[in-house]
Amino acid sequence: MRSRAVPPSRLSRRRRPARRRRAAWGAAAAALALAALAAGAARPRIAALLAPAGARPAMTPSPARPPRPSAPPVAAPQPAPLPGAGPDRVSRAQLAVLLAAAWNLTPTDIGPAYRDVGPGTPGRAAIEAAAGAGDFGPDPGGAFRPAAAVTRLFLAEALVDALGLGPEASLLADSPPPVRDAAAIPRRDWGSARLAVALALVPAEGGSFRPTAPVTPAQATAAVARARSLTPWDLAPALAPLATRVDVRAAAAATEPDRPVAVSATVRAGELVLPVPVVWRATGGVVAQGALFPTVSSGAAVVRAQVPGGRASGEVRVRVEAPARLRALSPPPAVLADQRVTFAFAVATAGGETVTADGGRAVRIQLRPPAGPAVAAVPLDRAGVVRFSYRPSVLGTYVLTASAPHLSPVQVRFSVVPARLGALSLLVSAPAAVAGGRLAVDGAVATPARAGRLPDRVPVTLTAVLRRPDGGAVGVGRWQGEVGARPLPLARLASLPGPGTLVLDLSSPGGALAPARALVPVAPRGRLSLAPAQTRVTAGQSLVLTATAPGAPQGTALSLAMVAPDGAPLAPVAQLLSHGRAQFLLTPHQSGRYRLEVSGPGLLPAQASLFVLPGPAAALRAALASPFPPAGQGPHLVVAAVDGSGNPVPVPAIDIAWRYAQGGDGWRRTRLAGGGTLALPPARGSSCAVAVRLTAPGSGLPPDAQVLPCREGSTPGAAAFGPGLFLSYWVARDASPRAIVNAALKAGVRTLYVEVAIPGTGFWGQPGLDRLLPVAHESGIAVLAWVPANLRRPDADLATARAALAYRTPDGLGVDGLAADFEGDLDPHRVAAYLRALRSAAGPERALCAVAPMPTRLAVPYAAMARYADVLMPMAYWQANDVPVAYAGAYRTALSAVALVRSQAPSAAVVPILQGYDPDSAGGSGVYSPGLLAERGALAGALAAGARGVAFFQWGTLTPAEWRAVRMAAAMPFGRTAVRPSTPVGAGAPSGSR
């Protein structure tokens, strides 16, 4: 899943947006095919599709480099007659045949079903294939009108869509096309008309576009051939004005004079990637075939890319270095016998700087021991560094030589000794330090060895780690240096973190010198104190908390962390220290005890408690514990008196009058002291909506009357059949619950999957559930907890899921089930053990769902999941699986997702999760969002495969068009019937107009 607008997806595969283009500007073979088509080799095949029966033009061989035609062919074949068409016009069905042939679309490219396209419709396969590839959108009412004549505007829009230039056309729709009759073109179609004129697909005639004029067979053939022959250079003049920037990248930051480095450029209009080329220029090099060839022996080469005919440009700097020699990195002066040691050598310039871009060079290593045969090896360097490991056993002096062609060799001498020759020592400038202060660290050889056994200076490594009082650890730094018989400086630490204990470790390569450790206590700069103005407040009442830190510097950032009465950590609040104190303004709403802690860098934290009392009773409230009670059981009615913040308030008694809204008997009455839960008997029909009237005698509270939606579930997984929608925790916590529920009701959403945890954090979704559950259940919407199940720490994942299932809001409501998101360890035994434990925790009445990636990429153990989970939910993300963004690709993705799950678990209830986000955008909302046409294809595929329902990922990234797809899903017969691919789906919700 993609969460926090961070796959989505966590599983989503990033694709280059330019790969979505269906024009053939990506490969040389495709370019040759286009040239052959333009020269006439492929045109007869296309023309034959429009010619009358029996008139088949002869195929002619194409020249080696055929020229592209600049004008339509002189003679055009006549199309086969269709109702409503004639020899001087092309029908929509004929255009579909033309497009399907030009782009090699096959009948397997399923398209949106039209109510006027049936088995006997001429060109039906081509119509569905072209529409499935995104070339057409259904007219209002779901009709294609195959016999209708193709107009010039319709042809322009179809060709722009076939080239994948729909997003560019939308950006060009802000200004009219440069034709005299622009006022006759609908504003929404200005972009398509501008592109069609600029690219000579539908050229202006006498300065006018004539949008409603019919298209002849010759014009249609020439327009399709022109579209297939377009190259990125042809597109540049029309699209260059849209470019806002050029992102230039180099495969390496540095290279050698004789080694080229790959460079690439992406032209963007905002987030949209434009399919246009760039003009390369380089200072200090030449760019050819996508690579920079340096022309300088040392220095820098600046590579610049600019859009031809536009102002957008970008550049990247590549350092050019000439490697001249090999250099030893921290060679060990002495090595303990029978201990493995690693020698590292760098490919360096004459000045000693490592050539990091170097790689793959063969470096010959020759090692001469004091006795025995020599050792040889030829390792390859990686990023300019080559490593060689060896375990010496013979005592004495070794000589190691590293050499490579065209580089000066390097020689290292080291001794192999039976025992340590001495020890390292650490000297610190002070035995103790203060947080935020400074510390100097020196090193030396405390026990010098015998003369001649060690050099004057020995390479060493110093590491520093701060151990906090709470048991945590913070890395401070790592330094490399040299020490000798006299102390030498190693590090100067400034702004020490703290408080805690600073652990300093000093070691040398080879282990011939004993390591050294020093512990330096780091005292806090001061102690914080936290004093709330009041220790007891009423819910909804504001109060001020004052934190003081005597002696702390002005401007120190303090953070106030709060834990709510239900155990959920609330978002921290930050303030800057001013004149020794900082004040926090709080307005708590949930009644109970809050735990408060204020902390700051280098300061000891302070804790305090705050008690929030419920306010006076303001209203009566009723909700169902779950709007999906199990089959044969009645719902549980939860009633309470609440204050203005929703906290339950005790009242002497609440009188309840209730009855089933359909097929029930008269009103039944009962009384609960102070509120509580009332178990209702089973309803007689499938609908168990409850009409409720509440009164609280003597309390002065106004009576409450409402109808609570409810539907009896035939299986425990009925709550997950949806349509469903995934919500991040921040949406559930921060957005208005009434706004969420109203939007869900308007779209027909029946299930919300609310994120309540992320890996490694435990269950922290209490505040969001407290706000959302009462409103959702009041409206008949099921709420399932969405939790991670990476199984890297199975016990922690299980504890999180159990906590989510066991949680109850202050008025006693709980989640209707749980969706376990498997995106880590997919071992069948671990998955089965985890779900078995959750099945016991959820009980037989609550839905348990298993969310997992598409089984085409990973071996997902759906058979093991189906033994315990009520619903299996594969992620049917077509863009994440490199499927073209169109009806056909989304259809096949959803169809195969359900089919692949069923191949492992034939009787399982499958609810695929459909894509509702842009995987190429950092926030999930971008120009490459799927759109309604793709969503309709996914819905049709899921329905054809017999899915029990669908869910969408995720709230906050759905476009308005995709919200329409959610509404369509609510009206589709999921789980009740499986349809054939040709059955019309959502005919009343067109994806666009032509």
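## Exercises on buried residues and aromatic pairs

F144 counts as buried, since its relative accessibility is 2% (buried is under 20% relative accessible area, exposed over 50%, partly exposed in between, with a 1.4 Å probe and protein chains only). The model is predicted, so local features need pLDDT of at least 70 and side-chain atom pairs pLDDT 80 or more, while totals for chains, interfaces and linings use all residues. Residues are numbered from 1 along each chain as its sequence is written, and side-chain values use heavy atoms, leaving out hydrogens and water.

**Exercise 1.** Describe the aromatic pair of Y114 and F144.

*Solution.* Begin with the whole structure, where a search finds 22 aromatic pairs (ring centres of Phe, Tyr or Trp, the last by its six-membered ring, within 6.5 Å; planes under 30 degrees apart are stacked, over 60 edge-to-face, the rest tilted). Next, Y114 and F144 form a tilted pair, with 5.1 Å centre to centre and 50° between the planes. The two residues are 30 residues apart, Y114 in the loop between helix 3 and helix 4, and F144 in the loop between helix 4 and helix 5 (helices are DSSP runs of H or I, at least four residues, and strands of E, at least two, numbered from the N terminus). Finally, Y114 is buried as well, at 3% relative accessible area.

**Exercise 2.** Classify the pair of Y887 and Y891.

*Solution.* The ring centres of Y887 and Y891 lie 6.3 Å apart and their planes meet at 15°, so this pair is stacked. Both residues belong to helix 16 (residues 887–904), four residues apart, or about one turn of the helix. Y887 is buried at 1% relative accessibility, and Y891 is buried at 2%.
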